[in-house]
Amino acid sequence: MKKNLINSYVMKYSNISAVFPAYNEEKNLEKLVTSADDALKKYFIIYEIIIVDDGSQDDSKNVLKNLQKKFSCLKIIKNERNLGYGSALKKGLCAAQNELIFFSDADNQFDICEIKKFIEEINNYDVVIGYRLKRNDSFVRKLYAQLFKGVVYFFFGLKYKDINCAFKIFRKEIIQKTNLYSYMSDGATINTEMLIRLKKISASVKEIPVEHFSRKYGKQTGGNFLVIFKALRDLIKLSINIHSLNDSIEKNK
């Protein structure tokens, strides 16, 4: 076994799936896959990197094909059209084969090496989620995040520091208990629904701070008014459908 594996945790779980939804991230993909591979091989014997190309219209398809020749751990899921962040994330999570599942964004705004802190904690919790120490986003995105956080607390009572922070790790068995296949959210509210479902099954959750960097390449869509409107609309729909959500979780127990 590798000398630098984290003792008690990786002795029990030696494999992980890392999922990255991606939309028009051609200039970010090489760094993403390289850094993910470098980080994961330090701590795991078996790992896979899953990129879900959500109907990208740039050259992502060819970039990923070339990367797959270099990285045997890379798996590619291709949506022929853009189905939304939540839909892409669900596809990746459902395709994950290993005992641990990690997910993040494909824009390189996080340092995958910070996963070390999360591995050290996951032995004591069902889920470990990140929160951004200093969010390097536009004023509009920061404002939207605060509004979203307030609405989520109002409707669902969730008190997490950073619900939509895309740096989370789960034991696969825990995420399966939330009945992943029945998730209603296809867009930006998937993190909210995920945390609601985890709360319903009394999963233990640990929050850890992570660094957040400015986007170097590509275009952000989270601050787009249409995306914000859809997210708020989906939150309302989620609150209306909370009883059917509870039923789907109960059936999966």
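Predicted model: local features only at pLDDT ≥ 70, side-chain atom pairs only at ≥ 80, totals over all residues.
Leaving aside its neighbours within four places in sequence, with which residues is N79 in contact?

Residues are numbered from 1 along each chain as its sequence is written, and side-chain values use heavy atoms, with hydrogens and water left out.

**The whole chain**

Begin with a cartoon view, where the secondary structure comes to ten helices and seven strands; helices (H or I, at least four residues) and strands (E, at least two) are DSSP runs, numbered from the N terminus. Of the 253 residues, 52% count as buried, where buried means under 20% relative accessible area, exposed over 50%, and partly exposed in between, with a 1.4 Å probe and protein chains only. The chain exposes about 12400 Å², of which carbon and sulfur atoms supply 51%; such areas come from the Shrake-Rupley method with a 1.4 Å probe, and for residues only the protein chains shown count as cover. Among contacts (heavy atoms within 4.5 Å) between residues at least 6 apart in sequence, 84% join residues at least 24 apart.

**Strand 3 and N79**

Select residues 74-79, which form strand 3, and pick out N79 within it. N79 counts as buried because its relative accessibility is 2%. To answer the opening question, show V52, D53, D54, G55, A88 and K91, which are in contact with N79 once its neighbours within four places in sequence are left aside.

**Helix 2 against helix 3**

Next select residues 29-43 (helix 2) and residues 60-70 (helix 3), whose axes come within 10 Å and cross at roughly 30°. Axes are lines fitted to C-alpha atoms, for helices over the stretch in contact, and angles run from 0 to 180 degrees between N-to-C directions. Helix 2 and helix 3 are therefore roughly parallel to each other, given that angles under 35 degrees count as roughly parallel, over 145 as roughly antiparallel, 65 to 115 as roughly perpendicular and the rest as oblique. Show the side chains of L29, E30 and V33 in helix 2, which meet S60, V63, L64 and L67 in helix 3. By class, this contact has five nonpolar, one polar and one charged residues, where Ala, Val, Leu, Ile, Met, Phe, Trp, Tyr, Cys and Pro count as nonpolar, Asp, Glu, Lys and Arg as charged, and the others, Gly among them, as polar.

**Helix 6 against helix 8**

Move on to residues 139-156, helix 6, which packs with helix 8 at an angle of about 35°, with their axes 12 Å apart. Here F148, V152 and F156 in helix 6 meet T192, I196 and K199 in helix 8, and by class the contact has four nonpolar, one polar and one charged residues.

Staying with helix 8 (residues 190-200), select K200, which is partly exposed, with a relative accessible area of 39%. The C-alpha atoms of K200 and T178 are separated by 8.3 Å, although these residues are 22 apart along the chain.

**Two loop residues**

Finish with S202, in the loop between helix 8 and strand 7 (205-210), and with N108, in the loop between strand 4 (100-104) and helix 5 (115-122). S202 has a positive phi of about 60° although it is not a glycine, and N108 likewise has a positive phi of about 60° without being a glycine. S202 is exposed, with a relative accessible area of 63%, whereas N108 counts as buried at 14% relative accessibility.
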